Amino acid sequence: MPPRIPAPQGLRSLTLCLRPAPVAAPSFTPLVQAAKLSTKEKKRLMKQDPYGWAQAQQRKNANLKRREELEKERKAGWGDPVHGIVTPFVESFDTAGQQPVAGEGSASDEPHPLPTSPHIINNFLTKEELEQAIEHARRVTQPLVGEENTTSDPELETHELKEHEEKHAKALVALQRITDLKNASAKDRKHANIRRCIETFGRHVTDEKLENPAPPPARGVVPQPRPIRAGPDTGSSEVQIAILTSKIRALALALEGPKGHRDKNNKRSLRRLCHKRQKLLKYLERKERGSGRWQHLVETLGLTPATYKEQISL
């Protein structure tokens, strides 16, 4: 039989391409390269030098501790998007500035002083107006005595004066109960807090009280004197932000109650108030950053970057 010549099985293994094979580019890297050491190998090598190993661990622990401290400071400075950092002025919103000390009788909170506004009373009145009205009413209702009275009867005059004093004392007690903000409703406290915000952050007050209320002028710009603002100032951004902060605190404390998670309507209202305050804060930061007004507002209300930066989701 003739000898068999082995041939490739099938035509797939045959190539008919006549182009030359590509030549790889020359490599300029050294032929001997140091392989990356694993963590296990690093530890083994470091344990061969105990002193160096201890120093490395000490540096690592110090670095981790410092990172934890910085993270805590960053979180504390960032604050809460709703409350920010609670300050004594914000705490005084709960009583409309009628309670001088907070935390009395509580084992968890330490007593600390709060700013008060004793001149503000209920029904949009002040103590001076109430005292003037009481004095006017006492003089008008006081009975005539002596020569002014047509019938001079000493006993009758004494009885009328005594009766008038008793009625006047009862009227004083009634007026005190009516005008006391401790007996007021939440709506009355809201109006009192609005008056307090106007008196604290209104530009007719801060322009005279603060050292540098306006931001520094640009280079080469000569500041022009402005007319004195008349009060009460209710339209400036800082007053609106303070009023929104008082409303946000009252609404947030109500939602933090036992059944607050069911109140979807007030939760939506709280979100809208926070977003409105965020817009005003961004505008005020752009216009007044570096001024005394901005610093006074941020420090008094405890506003942090969380209240006006990034997205607020409740």
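Select F124 and show its side chain. Buried or exposed, what would you call F124? With a relative accessible area of 57%, F124 is exposed, because anything over 50% gets that label. Keep in mind as you click around that this is a predicted model.

Now look at what flanks F124. This residue sits in a loop, with β3 (120–121) on one side and β4 (125–126) on the other. Check its backbone too: phi of F124 is near 60°, so you're looking at a positive value in a residue that isn't glycine.

Next stop: E310. Where does E310 lie? You'll find E310 in the segment that follows α11 (305–308). Its phi is near 60°, again a positive value in a residue other than glycine. As for the surface, E310 has 60% relative accessibility and counts as exposed, since the cut-off for that word is over 50%.

Which helices each supply at least two residues of the patch? Color α6 (186–201) and α9 (264–288), and you have them both. Which of the elements gives the largest share? That's α9, with three residues of the positive patch.

Definitions and conventions:
Residues numbered from 1 in each chain as written. Predicted model: local features only at pLDDT ≥ 70, side-chain atom pairs only at ≥ 80, totals over all residues. Heavy atoms only, no water. Helix = DSSP H or I, 4+ residues; strand = E, 2+ residues; numbered from the N terminus. Buried < 20%, exposed > 50% of the residue type's maximum accessible area, 1.4 Å probe, protein only.
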